[in-house]
Amino acid sequence: AAGQTPPNARQNDYLTMLGRYDWEINTAQMNMLDSHDMPRALWLLGEDKAALRLAVLCQMTMPGAPCVYYGDEIGMTGAADPDNRRMMRFGNDLNEFEKQTFKDVSKLIHIRKDHSVLRNGDFLTLQADKNIYAYVRSDMNERILVILNKSEKDQQINLKLPAIYSVRVARDLISGESIQVNNSVITANISGISYLILKLN
């Protein structure tokens, strides 16, 4: 019903920022990492390039409408105005980090475009601790699980999925590799400051 948060989202996200707004508002909110009114995200992260990758992943997979401020697609840095409005660079002017960031951001945009659940699906947090943050987006057609490793160390996860999902296998949308699911538990290794985007089947 209009004005109500989907049941899955209400269960454990009600007291978070998502739970403080109507679901329709959450899905329309503009997700920005930075803008012309503030320092660049990379600068705010202390030039931590791996952390920026995680931030972009959240921007592209959480409820809301991603807004990419020019230069964010290459990981442009910059302090407060006017340093946050540096001239845009292209092609051969980019360094290796910027070229790879452009590829990574483009891939995530294509995944979001190809999977409507990332635009309109419910949101459910499955795990949130000092190392791992995992959430699932779901609708009537598909479910996608996003797992972030915030630690610099590799982590092994044993993530319990809701039994109602009846998942047999999870396919990584980045590498294409499959992970078997046993008794609703996903077991996987995830590198430090890294992520997995898994389509649940």
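Which element supplies the largest share of the lining of the largest cavity? That is α5, with four residues. The legends below start there; keep in mind that this is a predicted model.

**View 1. The largest cavity, with α4 and α5 in its lining.** Here we zoom in on a space of about 60 Å³, one of two cavities of 30 Å³ or more that turn up in a search of the whole structure. Its lining is made up of L52, R53, V56, T101, D104, V105, L108 and Y195. Both α4 (49-61) and α5 (96-114) put in at least two residues each. Sorted by class, the lining has five nonpolar residues, one polar and two charged.

**View 2. The second largest cavity, with α3 and α4 in its lining.** This one comes in at about 50 Å³. Look for L33, D34, A41, L42, L52, V56, D72, G75 and M76 around the space. At least two lining residues come from α3 (41-44), and at least two from α4. The class count goes six nonpolar, one polar and two charged.

**View 3. A salt bridge between K199 and E142.** The N to O distance for this pair is 2.7 Å. It ties together distant parts of the chain, 57 residues apart: K199 sits in strand β10 (residues 194-200), while E142 belongs to the loop between β4 (132-138) and β5 (143-149). Are these two residues buried or exposed? Both K199 and E142 are buried. The pair is one of seven salt bridges found across the whole structure.

View 4. R86 has a relative accessible area of 37%, so it counts as partly exposed. D83, at 26%, also lands in the partly exposed class.

**View 5. C58 and C67, two cysteines without a disulfide.** Searching the whole structure for disulfides gives zero. For C58, the nearest cysteine sulfur belongs to C67 and lies 17 Å away.

Key: Residues are numbered from 1 along each chain as its sequence is written. This is a predicted model: local features need pLDDT of at least 70, side-chain atom pairs count only at pLDDT 80 or more; totals for chains, interfaces and linings use all residues. Side-chain values use heavy atoms; hydrogens and water are left out. A disulfide is a pair of cysteine sulfur atoms within 2.5 Å. A salt bridge is a side-chain nitrogen of Lys or Arg within 4 Å of a carboxyl oxygen of Asp or Glu. Buried means under 20% relative accessible area, exposed over 50%, partly exposed in between (1.4 Å probe, protein chains only). On a 1 Å grid over the protein atoms alone, a cavity is a set of points where a 1.4 Å probe fits but cannot get out, and a pocket is an open set with protein on both sides within 12 Å along at least five of seven lines; lining residues have an atom within 4 Å of a point. Grid points are joined across faces, edges and corners, and a volume is the space filled by probe spheres set on the points. Ala, Val, Leu, Ile, Met, Phe, Trp, Tyr, Cys and Pro count as nonpolar, Asp, Glu, Lys and Arg as charged, and the others, Gly among them, as polar.
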